[in-house]
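Trainee: I would like to go through this model with you, piece by piece. Shall we start with a sheet and move on from there?

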Amino acid sequence: MTEPGFDFQTLTPEHQLDAIESVGIYPQSGLLALNSYENRVYQFVADDSKRYVVKFYRPARWTNEQILEEHAFCQELVDAEVPVVAPLVREGTSLFHFNGYRFALFPSVGGRNFEVDNWDQLEAVGRYLGRIHQVGAARPFQARARFDLDTHLYQPRQALTHASLIPDGIKSTFFSDLDRLIDAISERWHTHWPIIRLHGDCHPSNILWRDGPLFVDFDDTRNGPAIQDLWLFLNGSRADQLAQLDTLADGYREFSEFPADQLQLIEPLRGLRMVHYMAWLAKRWQDPAFPRAFPWFAEAKYWESQVLAFKEQLAALQAPSLTLYP
């Protein structure tokens, strides 16, 4: 399943350097590939002795308007003194074009890994997510996608029907259990939740620690319910998740009302992410970076394990929702 317009094969090192130099920045080091699969991202040192990051966007994924909305949101957060990394603006724009590719430049920032089991750090993350959502609630995106069942459940389900890697021997069981999961999620999903601008993919790896959290990679920013940016920090036993939730909420409430009524969305959102992730890997499988990075996706035991994961997620959907401590 090759995505239409996919052509990273022509993005050679010479092409990358020429693109960067076209906006008046001249790399003096080699381009160090960073951990990114959806786009192509490199770090380098320029002739001004500063470190930069260049991101070449995957063709045909976002429109120019959608990318510029992402950039504008990041700058809006920076202006509100929220610690995020915003793209550089040169000659009035942050989105550049070179021989059919679109790219952006960012300052390169360092930091330690965010410690998910550090309560002080988790509370600080909650505090800044409250600030991000305070800004995000001011107005919705006009061009960016919305986080909903169609984009994250129904379209991925359709994409999986074309996935050639699913072993024939388990296809019937796989799709039967997948459809049961989809039905259960759909029954628990409602459209009355307040929709705000989100980070969209706010997992621990998208946070660096530098005397506080620094939020990076807004590539999946979109409109959606606030709890989407919070539930990915919850893991372990139910008791563990309740303690993590309470800590996040303590920080979050300093700037925004905590969306306690959205806690019932956590397990549906977990199910959506499971289905969307599988379909994303299947859709991108012709990109050579994916088989190298995710070799287990082509193994029968992975697909067998997903059948069990569907059943476990169905059970989680039947369990009582998490609640905040009184």
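This is a predicted model: local features need pLDDT of at least 70, side-chain atom pairs count only at pLDDT 80 or more; totals for chains, interfaces and linings use all residues.

Trainee: In β8, which residue is the bridge partner of R112?

Mentor: β6 and β8 (residues 207–209) run antiparallel and are joined by two bridges. R112 has its bridge partner in β8, and that partner is W209.

Trainee: Which residues does UniProt list for "active site", and what is the largest C-alpha distance?

Mentor: The UniProt entry is unreviewed, and it lists D201 and D217. They are spread over 17 residues of sequence, yet they cluster in space. The largest C-alpha distance is 8.2 Å.

Trainee: Does D201 count as buried or exposed?

Mentor: D201 sits in the loop between β7 (196–198) and β8. Beyond its neighbours within four places in sequence, it contacts N206, D220, D229 and R273. Its relative accessibility is 14%, and the cut-off for burial is under 20%, so D201 counts as buried.

Trainee: And how does D217 count, by its relative accessibility?

Mentor: D217 lies in the loop between β9 and β10 (222–224). Leaving out residues up to four places away in sequence, it touches K55, H199 and N206. Its relative accessibility is 40%, which falls between the 20% and 50% cut-offs, so D217 counts as partly exposed.

Trainee: Where is E70, and what is its relative accessible area?

Mentor: E70 is placed in helix α2 (residues 64–79). Residues up to four places away aside, it touches K55, Y57, R144, F218, D219 and T221. E70 is buried, with a relative accessible area of 2%.

Trainee: Which backbone nitrogen does the side chain of Q262 reach?

Mentor: Q262 is in the loop between α6 (238–252) and α7 (266–283). It counts as buried, at 3% relative accessibility. Its contacts beyond four places in sequence are W193, P194, P225, A226 and I227. At 3.0 Å, the side chain reaches the backbone nitrogen of I227.

Trainee: How far apart are Q262 and E76 in space?

Mentor: In sequence, they are 186 residues apart. In space, C-alpha to C-alpha, the value is 26 Å.

Trainee: How many residues of strand β5 are buried?

Mentor: Strand β5 covers residues 101–107. It has seven residues and is mostly covered. The number buried is six.

Trainee: In β5, which residue is the bridge partner of F56?

Mentor: Strand β3 (residues 51–56) runs antiparallel to β5, and five bridges join them. The β5 partner of F56 is F103.

Trainee: Which residue takes a positive phi in the hairpin of β4 and β5?

Mentor: Strand β4 (residues 96–98) and β5 run antiparallel, with three bridges between them. The hairpin has two residues between the strands. The positive phi, near 50 degrees, belongs to N99.

Methods. Residues are numbered from 1 along each chain as its sequence is written. Side-chain values use heavy atoms; hydrogens and water are left out. Two strands pair if DSSP finds at least two bridges between them. Helices (H or I, at least four residues) and strands (E, at least two) are DSSP runs, numbered from the N terminus. UniProt positions are given in the numbering used here, feature names are shortened, and annotations may be inferred rather than shown by experiment. Buried means under 20% relative accessible area, exposed over 50%, partly exposed in between (1.4 Å probe, protein chains only). Contact means heavy atoms within 4.5 Å. A polar contact is a pair of N or O atoms within 3.5 Å; within protein, one must be able to donate a hydrogen and the other to accept it, and residues adjacent in sequence count only if both atoms are side-chain atoms.
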